[in-house]
Amino acid sequence: MRIISGKYKGRHFDVPRNFKARPTTDFAKENLFNILSNIIDFEETVALDLFSGTGSISLELLSRGCKEVTSVEMDSLHFSHLKRCSQTLGDSNWRMVRNDVFRFIRSCKAGYDLIFADPPYALKELKEIPDMILGTQMLTTDGILVFEHGKDYDFSNHPCFFRHVAYGSVNFSFFKKQEQL
């Protein structure tokens with residue numbers, strides 16, 4: 001897994017073979033961040049990475065200068081990997097939370113300018129996650145939710161949906177709070 005751009009550009013992190021998570025492909029990640037760079041100012045952004053897995057998105061957000069990145073991951077192996085990556089970088093803007101994402105969403109009082117969620121594609125609650133997040137105060141007034149999902153889901157009729165892009169089997173749906181649209 002490599003960081004594509006920013007202050008940590010070119011850094012590689014080995015993902016353990018026994019990992020259950022799959023990192024977002026470099027091609028999809030690069031295109032996603034090209035879109036995001038036209039929508040947000042990373043240096044002014046407080047970001048949340050739900051279902052962090054390998055940490056690929058968190059690392060890219062940190063590299064591009066986000067003010068703060070919070071990664072939420074429940075799996076102990078994945079969380080240990082995130083901690084090793086954090087120790088390697090030594091970036092004080094990275095906060096890690098070992099917690100169930102659904103429990104985190106219910107209890108979260110913080111606000112985020114960018115929320116990225118990449119649940120396991122087979123997760124039975126997958127289609128409900130955007131509403132769970134958008135129904136809280138987690139997303140700031142001008143905040144954006146980027147939701148990664150498989151091709152079997154279509155969120156285009158959601159009232160907060162504003163964009164969809166697909167790169168192979170990787171799909172990103174973008175949401176803003178309804179009053180922003």
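This is a predicted model: local features need pLDDT of at least 70, side-chain atom pairs count only at pLDDT 80 or more; totals for chains, interfaces and linings use all residues.

Colleague: Good. How many aromatic pairs are there?

Modeller: The count comes to 10 aromatic pairs. The rule takes rings of Phe, Tyr and Trp (its six-membered ring) with centres within 6.5 Å; planes under 30 degrees apart are stacked, over 60 edge-to-face, and the rest tilted. One of them joins F27 and Y167, edge-to-face, at 5.7 Å centre to centre and 85° between the planes.

Colleague: And where do F27 and Y167 lie?

Modeller: F27 is in helix α1 (residues 26-37) and Y167 in strand β6, so the pair ties together parts that are 140 residues apart in sequence. Helices (H or I, at least four residues) and strands (E, at least two) are DSSP runs, numbered from the N terminus.

Colleague: Is F27 buried or exposed?

Modeller: F27 is exposed, at 55% relative accessible area, while Y167 is buried at 16%. Buried means under 20% relative accessible area, exposed over 50%, and partly exposed in between (1.4 Å probe, protein chains only).

Modeller: Another edge-to-face pair is F147 with F155, at 5.4 Å centre to centre and 90° between the planes. F147 is buried at 0%, and F155 is buried at 8%.

Colleague: What lies over the face of F162?

Modeller: That would be K176, at 4.8 Å from the ring centre. The test wants NZ of Lys or CZ of Arg within 6 Å of the ring centre and within 35 degrees of the ring normal.

Colleague: Changing topic: what is the volume of the largest pocket?

Modeller: About 450 Å³. Among its 24 lining residues, the closest to the centre are A21, F51, E73, H78 and P120. A pocket here is an open set of points on a 1 Å grid over the protein atoms alone, where a 1.4 Å probe fits, with protein on both sides within 12 Å along at least five of seven lines; lining residues have an atom within 4 Å of a point.

Colleague: Which helices supply at least two residues each to that lining?

Modeller: α2 (56-63) and α4 (101-107) each do.

Colleague: You mentioned F51. What is its phi?

Modeller: F51 has a positive phi of about 60°, although it is not a glycine. F51 sits in the loop between β1 (46-50) and α2, and is buried at 16% relative accessible area.

Colleague: Now the histidines. What does H149 touch?

Modeller: H149 lies in strand β5 and counts as buried at 0% relative accessibility. Leaving out residues up to four places away in sequence, its contacts include Y121, F155, H164 and F172. Contact means heavy atoms within 4.5 Å.

Colleague: And where is H158?

Modeller: H158 is in the loop between β5 (139-149) and β6 (161-167). H158 is buried too, at 16% relative accessible area. Again not counting residues up to four places away in sequence, H158 touches D131, L134 and F175.

Technical notes:
Residues are numbered from 1 along each chain as its sequence is written. Side-chain values use heavy atoms; hydrogens and water are left out. Grid points are joined across faces, edges and corners, and a volume is the space filled by probe spheres set on the points.
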